[in-house]
Amino acid sequence: MEHDMKTTREHETKRDVARRGKGCGRVFARGGVWYLRYRANGIERTHSTKIAVDASSPRRLETSRRKALAVLDEETAVLRLKDKESGLRIVRAMLEDTRERLRDSMGEVRRNAPLASLQSLFETSARRPDLSPGQTATYARYIRELVETVGADVKIRDVDDGVADTFARRLAERPISPNTYNKRLGGYALVWDAVMGLVGVTTNPWRTIPHRRLDTSVRRALTDDECERLLAATDGETKALLAIGLYTGLRLGDAVHLRRSDIHDGAVFVERTRKTGAGVGVPLHPRLAAILDAHGGPDALTPTLAKTYDEHGNSSVVRLVRRVFEKCGIETSTGAGAKQGCRARPLCGFHSLRSTFVTRCVAAGVPQPVVQTLVGHASQRMTQHYTHLQNRDVLAAFAAVR
């Protein structure tokens with residue numbers, strides 16, 4: 001029995017040491033009764049459990065000790081909970097400190113962000129406006145050109161008034177219209193508005209560059225003979241594009257991205273135009289239907305031109321159309337030109353097809369309000385487009401368009 005008690009006491013001592021190591025206190029025998037000893041609020045407490053130490057057998061001894069441990073667990077439960085809460089508070093404080101250091105680190109990284117990261121910052125900025133797919137592609141092209149011109153390693157915060165002015169002067173030297181120049185500067189100003197807070201910049205260098213006076217000249221409408229010469233001189237995607245512009249009045253960006261699936265129910269539909277976001281529906285002219293049928297191909301009507309437009313901007317497609325005009329003997333600009341110190345004024349281009357469409361519709365008897373709706377000048381809902389398209393008088397007048 002003495003050997004069993006000794007073994008039990010040794011076992012008990014090991015268990016008590018383990019519990020004390022965990023901050024749960026311990027039990028011990030004194031005068032035939034189990035006692036508790038634990039620390040609460042920095043004060044060590046010892047008192048009896050009034051549970052007798054039954055040493056008649058090892059099993060009964062262990063049973064009585066377990067009863068004492070249960071009392072210890074009950075009395076120290078609140079203390080253990082407080083210890084856990086304190087530990088959790090420490091862990092939370094450590095996590096918050098880590099987050100703060102990460103925020104500081106990310107802030108430092110963003111403050112030193114190079115122009116190469118401008119696109120990704122713009123895409124993730126909460127201040128970026130809601131853009132259509134076409135607008136998104138346009139801004140991506142603007143950013144890409146800026147990065148290639150200024151340098152990918154230049155920090156965004158180092159693009160100051162001087163850098164912006166130099167870039168604007170180079171832009172002004174290119175053969176682009178004042179409207180295109182102004183749009184480009186406005187695009188960079190919008191991009192900077194979206195990322196300024198992320199990179200620690202407080203001023204927008206693009207906002208202070210004066211815009212150029214707009215050229216208010218209107219592209220003239222083409223004659224019937226000029227239209228026929230254009231269509232006869234081209235084929236493939238170029239002919240399809242010119243026919244779309246001539247018989248739908250769509251702007252270049254919408255025309256070059258038109259798909260066969262957009263043509264149904266006897267009409268050409270653009271759910272959301274790139275410039276205004278309005279929906280447009282135009283009756284499918286028999287001449288256009290014949291040209292597109294002969295053109296064949298997949299759903300995309302002008303995939304190569306659309307890719308060129310998206311990757312290099314509308315000016316690349318505008319130049320292609322201008323060359324076709326000039327090949328047909330159609331003058332595309334007027335004025336003395338740069339040699340005599342003045343800029344040539346545009347006279348004809350793709351937009352002339354839109355002017356021709358409007359002129360032909362009016363001449364054929366299509367009511368002016370309907371023409372405005374067809375070309376998207378007025379802000380109308382798609383249901384109103386369908387209403388116009390179901391008007392027999394309108395369809396008859398439109399069919400009379402050459």
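In this predicted model, the axes of helix α7 (residues 224-233) and helix α8 (residues 236-248) come within 9 Å and cross at roughly 155°. Axes are lines fitted to C-alpha atoms, for helices over the stretch in contact, and angles run from 0 to 180 degrees between N-to-C directions. Helices are DSSP runs (H or I, at least four residues), as are strands (E, at least two), numbered from the N terminus. α7 and α8 are therefore roughly antiparallel (over 145 degrees; under 35 is roughly parallel, 65 to 115 roughly perpendicular, the rest oblique). In α7, C227, L230 and L231 meet K239, L242, A243, L246 and Y247 of α8, where contact means heavy atoms within 4.5 Å. By class, this contact has seven nonpolar, no polar and one charged residues. Ala, Val, Leu, Ile, Met, Phe, Trp, Tyr, Cys and Pro count as nonpolar; Asp, Glu, Lys and Arg as charged; the others, Gly among them, as polar.

α8 also packs with helix α12 (residues 314-327), at an angle of about 90° and with the axes 12 Å apart. The two are therefore roughly perpendicular. T238, L241 and L242 of α8 meet V317, L320, V321, V324 and F325 of α12. Seven residues of this contact are nonpolar, one is polar and none is charged.

Residues are numbered from 1 along each chain as its sequence is written. Local features need pLDDT of at least 70, and side-chain atom pairs count only at pLDDT 80 or more, while totals for chains, interfaces and linings use all residues; side-chain values use heavy atoms, with hydrogens and water left out.
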